[in-house]
Amino acid sequence: MEDKAKGVLRMGMAIVFISFGLMQFSAPDSWTGFIPQIIQNIAFNVFGLTAVNFVLANSFVEITLGLFLLLGIYTRFSSFILGLHLAFITVSIGFSATGVRDFGLTIATIVIFLNGADKICLDRKLN
Amino acid sequence: MKKIFVALSIVLIVGAIFLFFSGEKEQQESIGSDLQLGNTSYSGGNNTTEVVQGQGIGLQELAKHNSASDCWVVYKNKVYDITSFIPNHPGGEGPIARTCGTTNFESAFQRQHGTSKASLFMKVTTYKGEFTN
């Protein structure tokens, strides 16, 4: 049961990240308001990325790492990056309904990182 | 080795899908080389001056239209009245209102949208004239 629980948690969180990535890709303009101004300035002045491009780049990362998580490839690495990403979002949103929800998702992602590869991960089968 | 191969395949497939669909989106929203006149009618606003469409508009005239209720902006050296669109802007009134009556609109617009919304901009604004520095 414990092994199945780890797998279910991993795949459930993977679906969350992939879904958010797809939503950002389909309507990037609706997500630009969530980018902190300082990040927007750095993205534009240093990398020449508009806010829309930044959202698209973010969606690419979330979908790719979400797929890694779904299949259980580089589980620790992908859960670490996604957990960090979500932690940053949680802090920038602050204490609100959305922030509290995102805090829970961050903790779930950290648990996946701490668990590492479960029995149904490709990590174990490809090693 | 197998793991790296699988991971790289995922990255490449997702990247290819992104590039394909992003390209299609850009095509649909591209403005081409000709700018079109906006077709939104506008009424009201303070500090209105009789401006003959197509005549040169200087900084002094532009600066008179500097609020959300009467907002002129400069884009590609042309002056547009964007007042009626401001309440419908998905990002709120603030980001546009801050640039009313100034020459800052174009840089703020490009930083936010690049060229992806240029054709929409043409549809929701009213062309007022050429900007003369």
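## Disulfide

Over all chains, the structure holds one disulfide, a term for a pair of cysteine sulfur atoms within 2.5 Å. B:C71 and B:C100 form this link, with their sulfur atoms 2.0 Å apart. The pair joins distant parts of the chain: B:C71 sits in strand 3 of chain B, while B:C100 sits in the loop between helix 3 (94-97) and helix 4 of chain B, 29 residues apart. Helices (H or I, at least four residues) and strands (E, at least two) are DSSP runs, numbered from the N terminus. The link of B:C71 and B:C100 is left-handed, with -95° about the S-S bond.

## Model and conventions

This is a predicted model, in which local features need pLDDT of at least 70, side-chain atom pairs count only at pLDDT 80 or more, and totals for chains, interfaces and linings use all residues. Residues are numbered from 1 along each chain as its sequence is written, chains are lettered from A and ligands numbered from 1 in the order in which they are written, and side-chain values use heavy atoms, with hydrogens and water left out.

## Confidence

The model scores ipTM 0.78 and pTM 0.66. pLDDT is the predictor's confidence in each residue, from 0 to 100. Chain A averages a pLDDT of 90, and 99% of its residues score at least 70. Within chain A, helix 5 has the highest confidence, at a mean of 94, and helix 6 the lowest, at 81.

Chain B averages 76, with 76% of the residues at 70 or above. In chain B, strand 3 (residues 70-75) scores highest, at 92, and helix 5 (residues 118-124) lowest, at a mean of 78. Over residues 31-50 of chain B, pLDDT stays under 50. For that stretch the model has 38 contacts beyond four places in sequence. Contact means heavy atoms within 4.5 Å.

## Interface of chains A and B

On the chain B side, 19 residues are in contact with 24 residues of chain A. The area buried between the chains is about 2000 Å², and carbon and sulfur atoms give 69% of it. Buried area is the accessible area (1.4 Å probe) that two parts lose on being put together, summed over both. In chain B, the residues that lose the most area to chain A are B:K3, B:F18 and B:R111, together 36% of what that side buries.

The rule finds one salt bridge across this interface. The side chains of A:D123 and B:K3 form it (3.3 Å, N to O). A salt bridge is a side-chain nitrogen of Lys or Arg within 4 Å of a carboxyl oxygen of Asp or Glu. Helix 1 (2-29) and helix 4 (105-113) of chain B each supply at least two residues of the side that touches chain A. Helix 1 of chain B gives the most, with 13 residues.

## Salt bridges overall

Over all chains, the structure holds six salt bridges. Inside chain A, the side chains of A:R10 and A:D118 meet in one (2.8 Å, N to O). A:R10 lies in helix 1 (residues 2-26) of chain A and A:D118 in the loop between helix 5 (97-115) and helix 6 (122-126) of chain A, so the pair ties together parts that are 108 residues apart in sequence.
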